Amino acid sequence: MNESITSWFNVNVFAGINRVLHAEGYDIAIWDHVDKAADRHEFFETLPVRRNVDAVFVASFATDETEVAQLRSIHVPLIGINTPSAESLDASIGIDDREGMATAARHLIALGHRSLAYVGSEPAASLGASIDDRQAGFERACADAQAAGKDLSWQVIRVPRGAEFVDVALSELLALEEFPDAICCQIDMLTIPLMRGLAKYGRVAPRDYSIIGFDDHDMAEMMDLTTMRQEPCAMGRTAAGKALALMSGQPLAVPHETLHAQLVLRGTDAPYHAA
């Protein structure tokens, strides 16, 4: 995993995997925070030496040819969960992050919004995280709308990863000469505190702007947040089922599956009204 096991996505993926594999008598070893070059090197160098695993799950980041070769040396199935690419993996399950964020942006454009912003974290060096594809989806939707003749302006605000990313995002938005009338956020756990921070400065959704998150975090419904839903627990269960089949030598009818995030309409978006 490229983040802590306590992150919303990872803990739900783990719950799904554990629900299936624990019942079959398997233990699960977790290696999280594989988000720096040194951590990745240690993981991929030492795992083949141990040779005590029956399958390997890679969650949310891309593996390069060297890393795949190191994993292949232990001759076990490699299963990706929301990885940017399924190439070289035996099986995978994930959402189309790019199309998901494009759907969010197209929804805001259809509501008549004319000034859009995307807020997300800077890509981690050498990681290739699937979450970074969301920015590309936003950019594509906005560019397509402009090409179709829509009167639209848009911008991307990228903030450093880490504990301060919400505060930095809030400062960046408030410093803009023209505040956007619609915002797409990379994850719900950026959207929710950002929305609360903006309210302290008199900008309230959906009165002053529309905002859409991504994930459908457990707190999203409580905050009445419009968001793009994915289901990591279900993906974990599916990935575990694929692993069980591969470990027993059974061929998979559908080795690689791509799901679509669902737009969940709640209370933080509204049709655009000029001030």
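Which strand is Asp 215 found in? Asp 215 belongs to β7, which covers residues 210–215 (strands are DSSP runs of E with at least two residues, helices are runs of H or I with at least four, both numbered from the N terminus). A quick note on ground rules: the model is predicted, with local features needing pLDDT of at least 70, side-chain atom pairs counting only at pLDDT 80 or more, and totals for chains, interfaces and linings using all residues. Residues are numbered from 1 along each chain as its sequence is written, and side-chain values use heavy atoms, leaving out hydrogens and water.

**Asp 215 and its surroundings**

Asp 215 has a relative accessible area of 9%, so it is buried (under 20% is buried, over 50% exposed, in between partly exposed; 1.4 Å probe, protein chains only). Its side chain pairs up with that of Gln 230 in a polar contact at 2.6 Å (N or O atoms within 3.5 Å, one able to donate a hydrogen and the other to accept it; sequence neighbours count only if both atoms are side-chain atoms). Leaving aside residues up to four places away in sequence, Asp 215 also touches others, including Trp 8, Arg 134 and Ile 187 (contact means heavy atoms within 4.5 Å).

Asn 82 sits in the loop between β2 (78–81) and β3 (91–95), and its relative accessibility of 3% makes it count as buried. Elsewhere, Ala 205 and Pro 206 are joined by a cis peptide bond, with omega about 0 degrees. Pro 206 lies in the loop between α7 (188–200) and β7.

**Helices α1 and α8**

The axes of α1 (residues 8–21) and α8 (residues 232–247) come within 7 Å and cross at roughly 40 degrees (axes are lines fitted to C-alpha atoms over the stretch in contact, with angles from 0 to 180 degrees between N-to-C directions). That makes α1 oblique to α8 (under 35 degrees is roughly parallel, over 145 roughly antiparallel, 65 to 115 roughly perpendicular, the rest oblique). Among the residues making the contact are Trp 8, Phe 9 and Asn 12 of α1, and Pro 232, Cys 233 and Met 235 of α8.
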